[in-house]
Amino acid sequence: MLHADRLTKTVGEGRAARRVLDGVNLAIEADEVVAVLGRSGSGKSTLLHLLGGLDTPDSGEITLAGEPLTGRSARALARIRLRHVGFVFQQFQLIEELSGAENVLMPTRLPGAPGGGARRGAELIDELGLNAVADHLPHELSGGEQQRFAFARALVNGPQLVLADEPTGSLDAKNGAPCSSCFADSPAAQW
Amino acid sequence: MRAAFAEARHGLQLRLRRTLLSAIGIALASAMLAAALVVGDGLGRGFDRAARAADLPDVIVHYQSQPVDKVDARISGLPDLAAFSARLEVTDVGIGSGNHQRGDAVAEVVPGSGRRGYAVVAGRDLSARGAEVLVERSLAQSWGVRLGSSFYVDGLGPQRVVGFTEAPDNVGYPLAKPRFYVSRDAIDARFGRETNPNTNLAYIWLRDPRYLNEVLVQARASSFGLRNIRFATRSGVRVLLDQAAGIVIDLLVALSVIALVTAGVMLAASARAEVQRRLSAIGVRRAVGASRGYVALTQGLEAMLVAVPAATIGVAAGVLATYGPGERLLTLLNEPGPGSGLVLPLVLGWLAAVAIPVLGAAWPAWRAADRSPVGLLRGGGELAGGERGRGRGGLGSGGLGALGARLVAARRTRLVATVVTLGLSTAFVLLMLALASALSVLETDPGALGKRYTLTASLPPAATSQVRAITGVQAAAPRYEVQAADSFSLGETIDVVAYPGDHTVFEAPPLVSGHRLRGGEAEVGAGLASALGLTPGSTLAFALPSGAELRLRVAGIVSSLDHDGRVAYIPAVALLAADPSAPSLIAVRTAPGADPGRVSSALTALGAQPAEAAGATARGAPLVDVLRTILRAVAIVDGLVCLYALIQACALTVQERRRTVAVLRACGAGSQAVQRLLLGAALALVVPAAVVGILLERFLFGPALAKLAAGYATLPLDASVAEVVATAVGLGLAAAVAVLWVARQAARESVVTGLASS
């Protein structure tokens, strides 16, 4: 489902230039859960950004659901992200002016989003136990609640690929554990 | 200090694009400020400057031609006399220069010595050598007359142009007839010396102008035997000037004031927004031990590094845009340009344009630095505690547009400042459109002033029945008009208009208060009522040129732009009883659909010289053209200010919400979605600004300007529906340009970089 072939990526410029990915190959099949482990600065986040079409490799090929990501226009990459990829960021990146529910529904409102998003969003909020705080703004939510909303947002358009960049990195063990389990039992499998 | 300077410079280099945007804003505001100063200073102080330069006399007396010794004897006896100069004014003189020629010039024959009453702005004054003329600067400019060139005068032959003059007691060519000066010595040299030449014009200078009224009383008393005597005072000259130049001078001064207010609001809002955006950076400085003063100094220096070059460019651009048209306008008014007198106001304006952003940046930084560094680091850079958006349903009900609006609304102070700036600019644009319409109407449509007659015919009252018999004439009546002086304030001249019967058939200026005149009553213009403190029921007393005095009860106050509203409508029977020889024309009102040209031909056949009734500024077409040029220049700057304010607001929103935009893009939002987001943000600014602008124009600026421009008349300055729609469309276009430009910039940034921003 996701194939990466000989990916290279250099970050920084001039003296600060550093090759963080050098000939990375990767193949992930549908319903597979893969964890990428490595030291800080080893290029884990950079790899996720490349796989999700947020950034472009210096060389190499990426194919997602049969569609090549490399060499595509910004508009085409945006469409692929909308329909095939869901992101969960380390800092959750919830939009501060929107309530938790609105953050979940936001991707369903984007031009070109697949239908049925509103229903799926409501179901996700319900299944993740967020109904009571659905109207709360991000700064009114606990870290665990924020993470679950971020997770619901990543899943709401039924993506084939969910990329989570250290989703429990900013949570303590108590808050992080339930999220890890909810990720493992994610409703994504149903879609 | 050096460290702060280096940090400020480094900060600017890091934020080059935003620095450029701020610089553009400051430059635009400075340009507006400079334009306002040039126009305001030039027009507001032009008359006083001209009067001082020309040594304008306190009293100007016109009378029927008299030998000079007869006049000298009378004037010499006046109290408090400092100096006087009796001279001859000759009208309808044929002149020519280059390819130009006219047969209606005015020549002023001035004595060889004594005070002049005009300023020689180029070349030198007349000498006793003869065959020399001084030409009004406006005429010289219009005809391209050069110093030393030949100037043909009927009866005198070719004369050498030795200087150009300005005198504010008359407006310049082509607003008025061309005027030139010749020396009495030159006339004597050509035609032989006259021992007692005739004069018909006297300039009188007083030692103390406060005794003007007493001098006028004495002058009238001693003028027995002089016919057609007319007095004009400095204040009267102002009135004459206004008569020719129109009310637009006051209007432009008012527009300049509005421009200043708009520029100030925009600069302050821009500077404050910049500091608000960088609160977290201030928190970092405080956390590492920087003092409040250092934080404020760094911010102030950074603003100064941007403001100094931007304000310099802006001021220069504003001056370049308006100085030329302003000079042309002043030349038409026979007033000197501000010259070096404008340097100080411009320097002060430049200082203001630099100081406002510097103080605007330093003061919020000073205040912000007083907050706890922890608080600043936690959220200061993203959202101030009191400004977190609390709205609900924005995304659900309006999608990305609503989110954009909510992002803008989260910065309430900036939202208000931007809406106020845009609203003021919108109101300003509406006002200019309304003003342009009002000018056009006043220029071309006598009906706008309540004049219902379309033609006048130079025929005696006895010919009225013949005129009425002409096909196409609906009504005709003798129209008497004389210039009188107020009995108690002789410097106040009054245009007295009289009709036999109902004057509203021919002239129906809008009634402000009271009622229409009945027998033995008068309607007075609001300007006269204001000057003399007249109200319905009070008594109007004035002296006619014949010396007779009339006293009439004031029936009502009317709006009239003629003679600055210093007019009085009275029954003809009252006027003729006091002065049977009062001059008259026949006013002709044509029937609806009738061809005025045919009526005019029929009047010519009767031996009359028909003339069309003119609007208030009809003779001032060149002046109106200049004014339109100035208005256009100011309007263009104003439109750019609107565009800048919108771009800046959108750009700042995107800049502050880089992460939000990046999250949207990470979730699959394309450029179209970002445009929708920004459109919502722009609409949140534009829609209330349009409402504010329309309301401001309709209920504040329009009425205030109309009052300021013409307290003596009701000047309709309400923008029409078409003007409102045109302005709204313009605002919408500016919003569209801002959205497209900022969205394009936003799309260039990497999503990953946006996500990593703090």
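Four strands of chain A form an open, antiparallel sheet in the order β2-β1-β3-β4. The edge strands of this sheet are β2 (18-28) and β4 of chain A, each of which pairs on one side only. The model described here is predicted.

- Strand β1 (residues 2-11) of chain A pairs with β3(A) in the antiparallel sense, over five bridges.
- One residue pair shows where the two strands meet: Thr8(A) has Ser59(A) in β3(A) as its bridge partner.
- In general, the strands of a sheet pair through backbone hydrogen bonds, either parallel or antiparallel.
- Helix α1 (residues 44-51) of chain A lies across β1, β2 and β3 of chain A, and runs at about 125° to β1(A).
- Helix α2 (residues 74-84) of chain A has buried residues at Leu77(A), Ala78(A), Arg79(A), Ile80(A), Arg81(A), Leu82(A) and His84(A).
- The buried residues of α2(A) pack against β3, β4 (67-68), β5 (85-88) and β6 (161-164) of chain A, and also against α21 of chain B.

**Confidence in chain A**

- Chain A has a mean pLDDT of 84, and 88% of its residues reach 70 or more.
- Within chain A, confidence is highest in strand β3 (residues 59-64), at a mean of 92, and lowest in helix α6 (residues 173-184), at 57.
- Over residues 187-191 of chain A, pLDDT stays under 50, and the model has seven contacts beyond four places in sequence for this stretch.
- Where pLDDT is low, the predicted coordinates should not be read in detail.

**The contact between the chains**

- Chain B gives 29 residues to the contact and chain A gives 26 residues.
- On the side of chain B that touches chain A, at least two residues each come from α14 (394-409), α21 (658-666), α22 (671-709) and α24 (751-756) of chain B.
- Helix α14(B) supplies the largest share of that side, seven residues.
- Sorted by class, the side of chain B that touches chain A has 15 nonpolar, nine polar and five charged residues.

**Chain B as a whole**

- Chain B contains 24 helices and 20 strands.
- Of the 758 residues in chain B, 52% are buried.
- Among contacts in chain B with a separation of 6 or more, 86% join residues 24 or more positions apart.

**Nonpolar cores**

- The largest nonpolar core has 153 residues, and those touching the most other members are Ala353(B), Leu646(B), Cys650(B), Leu678(B), Ala682(B), Leu685(B) and Ala738(B).
- Helix α15 (residues 412-444) of chain B contributes the largest share of this core, 16 residues.
- Apart from this core lies another, of 70 residues, including Phe231(B), Ala477(B), Leu550(B) and Tyr569(B).
- Leu685(B) touches Val408(B), Thr418(B), Val419(B), Leu422(B), Leu646(B) and Ala649(B), leaving aside residues up to four places away in sequence.
- In soluble globular proteins, nonpolar side chains tend to be buried together.

**Local details in chain B**

- In helix α3 (residues 46-54) of chain B, the buried residues are Gly46(B), Phe47(B), Arg49(B), Ala50(B), Ala51(B) and Ala54(B).
- Asp208(B) is in the loop between β9 (198-206) and α7 (212-221) of chain B.
- Asp208(B) counts as exposed because it has 10 C-beta neighbours inside 10 Å, and the cut-off for exposed is 12 or fewer.
- The C-alpha atoms of Asp208(B) and Asp58(B) are 9.4 Å apart, although the two residues are separated by 150 residues along the chain.

How values were computed:
Residues are numbered from 1 along each chain as its sequence is written. Chains are lettered from A and ligands numbered from 1 in the order in which they are written. This is a predicted model: local features need pLDDT of at least 70, side-chain atom pairs count only at pLDDT 80 or more; totals for chains, interfaces and linings use all residues. A nonpolar core is a set of buried Ala, Val, Leu, Ile, Met, Phe, Trp, Tyr and Cys residues joined through C-beta atoms within 7 Å. A residue is buried if 20 or more other C-beta atoms lie within 10 Å of its own, exposed if 12 or fewer, and partly exposed in between; C-beta atoms are placed from the backbone. Two residues are in contact if their C-beta atoms, placed from the backbone, lie within 7 Å. Ala, Val, Leu, Ile, Met, Phe, Trp, Tyr, Cys and Pro count as nonpolar, Asp, Glu, Lys and Arg as charged, and the others, Gly among them, as polar. pLDDT is the predictor's confidence in each residue, from 0 to 100. Two strands pair if DSSP finds at least two bridges between them. Axes are lines fitted to C-alpha atoms, for helices over the stretch in contact, and angles run from 0 to 180 degrees between N-to-C directions.
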